[in-house]
Amino acid sequence: GHCRLLCKPSALAQHLVRSLGRSAALRGGRWPWPRWPQLQMLLQLLQPPEPEPVVARELLQLPDAGVVALDWVAGPWGAAGGSGGVSSPVLLLIPNAAGKVTGGLLQLGLRALERGFIPVIFNRRGHNGCPLTTPRLQPFGDPGDLREAVTYLRCRHPSASLLAVSEGSGSGLLLAYLGESGSSSRLAAAACLSPIFRGRDWFEAGMPWLYEWPLLLHLKQGLSRYAGALAEVVDMDRLLGSRSLRELEETLFCRTRSRPTSWECYWERNEPLRDADEAAVPVLCLCSADDPVRGPPAQSLPRELFRSSPYFFLLLTPHGGHCGFPRRRPGRCWAHEAVLEYFRAMAEFLRTEERRKGLPRPR
């Protein structure tokens, strides 16, 4: 479907080109309105998954007494994914930075469940009904809480491959984790759907109101539940009166009562690609050239990173909107099929390399 793969030449890249080239997902049916990315985005965000999945929530307490929630996805036909087979790969799903679990993300979880994965959704502190036990939320690119969740999943499924997929602005968290962790990430592979690569530029440029205002209201609604606890550290009147995502982010993490910092220092610690050169896990970034949220490709896509790093792969399509990638066939989003095919190809490549080199499988 006119997709292009931008990456550094390697044996893995050649294998990925062959695998994705054979995938039926990239030859899906045509979308009747290819030049309406806003409509594509709305359909993917608002349309509920079919069938409606069941989730089993597990709360994970962190070293500072904070709590994150892990939602194990189950189909209406069986038990929660947390009780799958010992060798089934675990797929960690990371929602956008506002904590909104979209119908598209749930649909991806169902598709993964059908193919033998164990899908689990990572919910940040205070997001999606997760209790806020400390007056602290997770900054845009701080991977500390995600690291604890990955460690727990590795302990719970020690013999399974651990994979991760992020959606939209949630990719900032996954990319920061991969760069900061390097070869110790414990992930076998990762994928990002419509990622935001440059966090500061994204907040400063703003987004179309059709996307920004619903997310802003969603965040305010969640934060208002914890107004009493957060009032100790931030100005709640200013926070709930924010008129943009940048103003809310700056009030919440920069203009705190205890440790105020500048906008520049905040992004020095939270830019998604600040340690990208240290990443040691294959990452597929699926992007659309007409993404109305990320911004123009010339300014928002770090093409040099994909040309120089052997671990970053950019699958660029001319149309698809933001996390939309619609098609007429069942499943609605062809990007989900492409991501699952990518994980299958990665597992196949690693098995081939182990046999060729005679390496024992990691315990």
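Between which domains does the second largest pocket lie? In this predicted model, the pocket lies between domain 1 (4-26 + 36-80 + 87-198 + 271-354) and domain 2 (199-270), because both give residues to its lining. The domain bounds come from an automatic or database domain assignment. Residues are numbered from 1 along each chain as its sequence is written, and side-chain values use heavy atoms, with hydrogens and water left out. As the model is predicted, local features need pLDDT of at least 70 and side-chain atom pairs count only at pLDDT 80 or more, while totals for chains, interfaces and linings use all residues.

**Figure 1. Overview of the protein chain.** The protein chain has 14 helices and nine strands. These elements are DSSP runs numbered from the N terminus, with helices (H or I) of at least four residues and strands (E) of at least two. Of the 363 residues in the protein chain, 55% are buried. Burial is assigned by relative accessible area (buried under 20%, exposed over 50%, partly exposed in between; 1.4 Å probe, protein chains only). Among contacts with a separation of 6 or more, 76% are made by residues 24 or more positions apart, where contact means heavy atoms within 4.5 Å.

**Figure 2. The second largest pocket.** The volume of this pocket is about 540 Å³. Its lining comprises 17 residues, and those closest to the centre are Arg136, Pro139, Phe253, Thr256 and Arg259. A pocket is here an open set of points on a 1 Å grid over the protein atoms alone, with protein on both sides within 12 Å along at least five of seven lines; a cavity is a set of points where a 1.4 Å probe fits but cannot get out, and lining residues have an atom within 4 Å of a point. Grid points are joined across faces, edges and corners, and a volume is the space filled by probe spheres set on the points. Helix H10 (245-253) and helix H11 (263-270) each contribute at least two lining residues; H11 gives the most, with three. Nine nonpolar, four polar and four charged residues form the lining of the second largest pocket. In this classification Ala, Val, Leu, Ile, Met, Phe, Trp, Tyr, Cys and Pro are nonpolar, Asp, Glu, Lys and Arg are charged, and the others, Gly among them, are polar.

**Figure 3. The largest cavity.** Two cavities of 30 Å³ or more are found in a search of the whole structure. The largest cavity holds about 40 Å³ of space. Its lining consists of Ile94, Pro95, Asn96, Gly99, Phe122, Asn123, Arg124 and His127. By class, three of these residues are nonpolar, four are polar and one is charged.

Figure 4. Helix H4 (residues 144-156) has 13 residues and spans 19 Å from its first C-alpha to its last, close to the 18 Å expected at 1.5 Å a residue; the expected span is 1.5 Å times one less than the number of residues. Asp145, Leu146, Ala149, Val150, Leu153 and Arg154 of H4 are buried. Their cover includes strand E2 (54-61), strand E3 (67-74), strand E4 (90-94), strand E5 (118-123), strand E6 (162-167) and helix H5 (171-181). H5 is itself largely enclosed by the rest of the structure, because 10 of its 11 residues are buried. Among these buried residues of H5 are Ser171, Gly172, Tyr177 and Ser181. Just after H5, Gly182 adopts a positive phi of about 60°.

**Figure 5. The surroundings of Ala280.** Ala280 occupies the loop between H11 and strand E8 (283-288) and counts as partly exposed, at 29% relative accessibility. Beyond its neighbours within four places in sequence, Ala280 is in contact with Gly182, Ser183 and Tyr311. Ala280 and Ser184 are 96 residues apart in sequence, with their C-alpha atoms 8.4 Å apart in space.

Figure 6. Most residues other than glycine have a negative phi. Ala65, in the loop between E2 and E3, has a positive phi of about 75°. Ala65 counts as partly exposed at 34% relative accessibility. Phe325 also has a positive phi, near 45°, and is located in the loop between strand E9 (312-317) and helix H14 (334-357). At 1% relative accessibility, Phe325 counts as buried.

**Figure 7. Ser19 in helix H1.** Ser19 belongs to helix H1 (residues 11-22) and is buried, with a relative accessible area of 1%. Not counting residues up to four places away in sequence, Ser19 touches Glu341, Arg344, Ala345 and Glu348.
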